[in-house]
Amino acid sequence: MRAFVLRARSAPTDSQKLLAAVGQEAHSEIIAHTLMNAIFVAQSHRDDVIVHIVLESTQDFSRTVSFNSNEIRNIGGFHEQALLQKVAQALDASKGMGKEQQRQVAAGISVRTISFEKLVQELAEDYQLFVMDKKGTAIREQAFDANPCFLLTDHIPMPKKSFNSLKRLGAEKISLGPKMLFASQCVVLIHNELDCQ
């Protein structure tokens, strides 16, 4: 199973604010583009991919909306609006949840009130963790096991202190080249590299 975690640091956990943030400062379109490139291929979708979107601009708890490609049925379309609508639906379903609770929203879509740090701690038990870094090991020189998990951010870089805690969890730094890329572009290149191995 391939996993991707998008840490959307500026994405609001209020569904209406999220939908209104397309093209605005919070750049919620990054979420849709990353989902699109992580789950879908031409005329189909990928098997064995899970995407966790961690939305961190909140009044109470971060929300992690997870999409499991093996279980998703009808997502309502392939476009930005349809994908963001699914995230918004999950945020609405999470209202009133306490810390570290989970709800199923639709087939293959769930929401949890869990932080990025706690989520990655859990994933570290079953996945080989990788964080994007221009100075990391070139992806073509990196060996991958059956369950790689790639940690990405939106337009706000990962805080320096996060790198230290990720390192303690065994996360390795990998590079996709000398340029800083969008999360959605990273996903395409990662998939391509793993597809060709």
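**Buried charges and nonpolar cores**

Both E56 and R7 are buried. Their side chains meet in a salt bridge, at 2.8 Å from N to O. The model is predicted. A search of the whole structure finds ten salt bridges.

**The E56–R7 pair**
- This pair links distant parts of the chain, 49 residues apart.
- E56 sits in strand β4 (residues 49-57), and R7 sits in strand β1 (residues 2-12).

- R46 and D195 pair through their side chains at 2.8 Å, N to O.
- R46 lies in the loop between β3 (44-45) and β4, and D195 lies in helix α6 (residues 183-196), so the bridge ties together parts that are 149 residues apart in sequence.
- R46 is buried, at 17% relative accessible area, whereas D195 is partly exposed, at 41%.
- D133 and K173 form a salt bridge at 3.4 Å, N to O.
- D133 belongs to strand β8 (residues 128-138) and K173 to strand β10 (residues 172-175), 40 residues apart.
- D133 counts as buried because its relative accessibility is 19%, under the 20% cut-off.
- K173 is partly exposed, at 40%.

**Nonpolar cores**
- The largest nonpolar core has 42 residues.
- I31, L35, L55, V65, F67, V87 and F150 touch the most other members.
- Helix α2 (residues 29-39) gives the most to this core, with seven residues.
- Another core, of 17 residues, lies apart from it; V120, V131, L151 and L166 are among its members.
- Leaving out residues up to four places away in sequence, F150 touches A3, F4, V5, F130, M132, F144, I174, I190 and L194.

Terms used:
Residues are numbered from 1 along each chain as its sequence is written. This is a predicted model: local features need pLDDT of at least 70, side-chain atom pairs count only at pLDDT 80 or more; totals for chains, interfaces and linings use all residues. Side-chain values use heavy atoms; hydrogens and water are left out. A nonpolar core is a set of buried Ala, Val, Leu, Ile, Met, Phe, Trp, Tyr and Cys residues joined through side-chain atoms within 4.5 Å. Buried means under 20% relative accessible area, exposed over 50%, partly exposed in between (1.4 Å probe, protein chains only). Helices (H or I, at least four residues) and strands (E, at least two) are DSSP runs, numbered from the N terminus. Contact means heavy atoms within 4.5 Å. A salt bridge is a side-chain nitrogen of Lys or Arg within 4 Å of a carboxyl oxygen of Asp or Glu.
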